[in-house]
Amino acid sequence: MNEEKKTNNKEQSSEIVKKPYEDSLNIPETLPILVLRDIVVFPYMIVPLYAGRVKSKRGVDKALNSDRLILLLTQKDTNVEDPSGDDLYAFGTVALIIRMLKLPDGRMRVLVQGISRVKVTSFKDDGRIIEGKIKVIEDKTPAHLSMKDKALIKNVREKFEQTAKLGKQIPSEIFVITENIEEPGKLADIIASHLDLKIADSWKILAEEKSMKRLAKVYEFLNYELELLNIQNQINIKAQGEMDKNQREYFLRQQLKAIHKELGEEGENGEELNTYQKKLKEIKMPDETRKEVERNIDRLKKMHPESAESTVVRNHLEWLLELPWSVSTRDNLNLKRARSVLNQDHFGLEKIKERILEYLSVRKLTPKAHGPILCFVGPPGVGKTSLGKSIARALNKKFVRISLGGVRDEAEIRGHRRTYVGALPGKIIQEIKKAGSNNPVFMMDEVDKIGTDFRGDPSSALLEVLDPEQNNTFQDHYLGVSFDLSKVLFITTANLLEPIQPAFRDRMEVLNLHGYTEEEKIEISRRHLIPRQLEANGLNKKLVDFTPGAIRNLIALNTREAGVRNLEREIGSICRKIAHKVALGEKKLHKITIRNLEKYIGPPKLFRDQLLEENHVGVATGMAWTPYGGDILFIEVKLMPGKGKLITTGSLGDVMKESATAALTFLKSKSEELGIKYQRFEKSDIHIHIPEGGIPKDGPSAGVSLTTALCSAFMDVPVNRQIAMTGEITLRGKVLPVGGIKEKILAAKRAGITKIILPLRNKKDMADIKENYLEGIEFVFVKNITEVVDTALTRKVFNTPPSNGANNGNHTSHG
């Protein structure tokens, strides 16, 4: 290797000698240079070096042939292969070559001793050898050392000794020498030669002419190295301590194992295993599960307690032993008390209350009867979730709830297999454990919003859970054994039935929760919403009073909705404003009336289901059914000169567009009877628009309202604004039944409609609607579209009598 460097530290001689040549040798002004890469040689230092470069070897030869003195200079950049004078530090050391040995690879090994520090004033490089003109630097030592100087010398000696105590490899004879040296410069050079310094730091020390300053720099670097050694020592002690601790624990564990063996006890985790076995004896569980627990306990006996597999087995055992296999709450079979609790928590909802009481009656007669699986379907805010809590309270059962909206992974239902890291049972088992009984009321919210992707179909996984014939052996992937869910009363909730998988829907008994009437909302506000908001805002009845008129206006003009969620928000907003006043010191009764209502919640909000102010040509009022309850919509038709083109706007879906086409075709077929010239259809463009264009609309139930609006436009006869209608049509002019009748009637009543046209075959749906829902509305049941048009327009255009006659009960008035 073509470079000059120091040898291994073990090879480096630590022999320190006095300068025998200071007086007897005269150092020449010019000396050959041996360039060093990674070492700075100090005076008094004996060190072996290697010369590999041609110029360096020639310099050694020249020194050996004269006075054996050579100049040692360190290059600034170790990567430079052929350094010039500019690449070398200006300060160096004159050394005496003690021995030289030529190696087989062509290099020279020279043993040198530092004699004196020098400064190079100029360089001479003739291509064969590099030489330097030098000036010897004498140590500038004070004639008399001050107390401060003596203290520094003493500190340097002590710190140097501490380095050896902390593990630095320094020959013991060096400490004898340093103890006897009085010259600060010589002491600094000897100690610096034994520190692990960077080249630049070593050069700074070498270049310092004043001995005390040089010693101060050495002291600074000495402190830094001591700090490093201290930290290194602490790390070593800590590592050794951990090793000793592990060894100690290992030996103690082995001794404990031997003691247990002598006593005939289990072993390392005997106390834990005893706990598991004790729990197993106390718990009543199926034989299959008991065998699985015993098998896992046996496996755990043979495992090291800190192994990864033992953790998996331990977690599995804890889940098996903590599930309520035989723990049941006692049902409240007092029907009168159950009815009282249901009535206390909810106003209305009679059909659902009756279904719960029927279940209790069956349980009273047949204790082993399976729990029903109910599905509450209705718009948001009608009380589906709160009803589940009330049912649990009425039956004296525990209540648990999970939300399935957006769930896409089947493992959320069935659990993960134990082979996966961090595996857990599914939500069903987790909530059963949380309930602490095997017969809680279990509510699953938002089942119509379950997702499906590559991880499986949660709806399909729920088929087993919600099937009374299968759920007595429900098997979670994590548990690996069957759990009986037949005693659980499952209740699901949804806004719509259509998105629910047919097989999944078939497992459940569907109970529809329709929207509330204005009267019901007033009663719900008085009984539940207002007291709850008063308590939430730190108020009481002595500070706040809502008049019936204020509540009615709040409902009618600000919160038209199927449920009561927005109504409660508005009541809460009023209560917060009053709470602010009370906090400021206005502790008096604040009465909310019709007159000051606007002061608290602002002006009345406008809703799209308000009635038209007057009758219009080409505008009919239809009724729609949405996930959020019923609504009314206005179908607008305008005729323009054109070529018979049908234009539809307002985000209409394909089914509604088809209904518009069918309505126009029916009208064309009746043009002669209506007295409309057929050429008018060919020379008029027809534009059908339904407002609220940002909301998609679809479905067949707008067929009758589309036909009525078209007929009104072509006949130039206004439509009665007080009449709303719904129904599907055929090309033959028949009116077919549609769904969501109750929701549509409630929406029409909220809007102030006085007459509703319904398909005759929907008359049977009226039996499920309370009489007070129908008050103030006249119902007309029809079979043909001609009856609809003649009833809805302000004058008859077909002059056709009703298909069954009014005497057959197709007109119903509710006063």
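Because the model is predicted, local features need pLDDT of at least 70 and side-chain atom pairs count only at pLDDT 80 or more, while totals for chains, interfaces and linings use all residues.

**A pair of helices**

Select residues 147-165, which form helix α3, together with residues 172-180, which form helix α4; helices here are DSSP runs of H or I with at least four residues, strands are runs of E with at least two, and both are numbered from the N terminus. The axes of α3 and α4 come within 11 Å and cross at roughly 175 degrees, where an axis is a line fitted to C-alpha atoms, for helices over the stretch in contact, and angles run from 0 to 180 degrees between N-to-C directions. That makes α3 roughly antiparallel to α4, a term used for angles over 145 degrees. Now show the side chains of Arg157, Phe160, Glu161 and Ala164 in α3, which meet Ile174, Phe175, Thr178 and Glu179 in α4; contact means heavy atoms within 4.5 Å.

**Helix α13**

Move on to residues 384-395, the twelve residues of helix α13, which reaches 17 Å from its first C-alpha to its last, close to the 16 Å expected at 1.5 Å a residue; the expected span is 1.5 Å times one less than the number of residues. Among the buried residues of α13 are Leu387, Ile391 and Leu395, where buried means under 20% relative accessible area (1.4 Å probe, protein chains only). The elements against which the buried residues of α13 pack include α11 (335-345), α12 (350-365) and β7 (373-377).

Leaving aside neighbours within four places in sequence, isoleucine 574 is in contact with Phe546, Leu554, Ile592, Leu597, Tyr600 and Ile601. The C-alpha atoms of isoleucine 574 and isoleucine 592 are separated by 8.8 Å, although the two lie 18 residues apart along the chain. Leu554 is also one of the buried residues of helix α19, residues 548-558, and what covers the buried residues of α19 includes α20 and β15 (590-592).

Definitions and conventions. Residues numbered from 1 in each chain as written. Heavy atoms only, no water. Parallel < 35°, antiparallel > 145°, perpendicular 65-115°, else oblique. Buried < 20%, exposed > 50% of the residue type's maximum accessible area, 1.4 Å probe, protein only.
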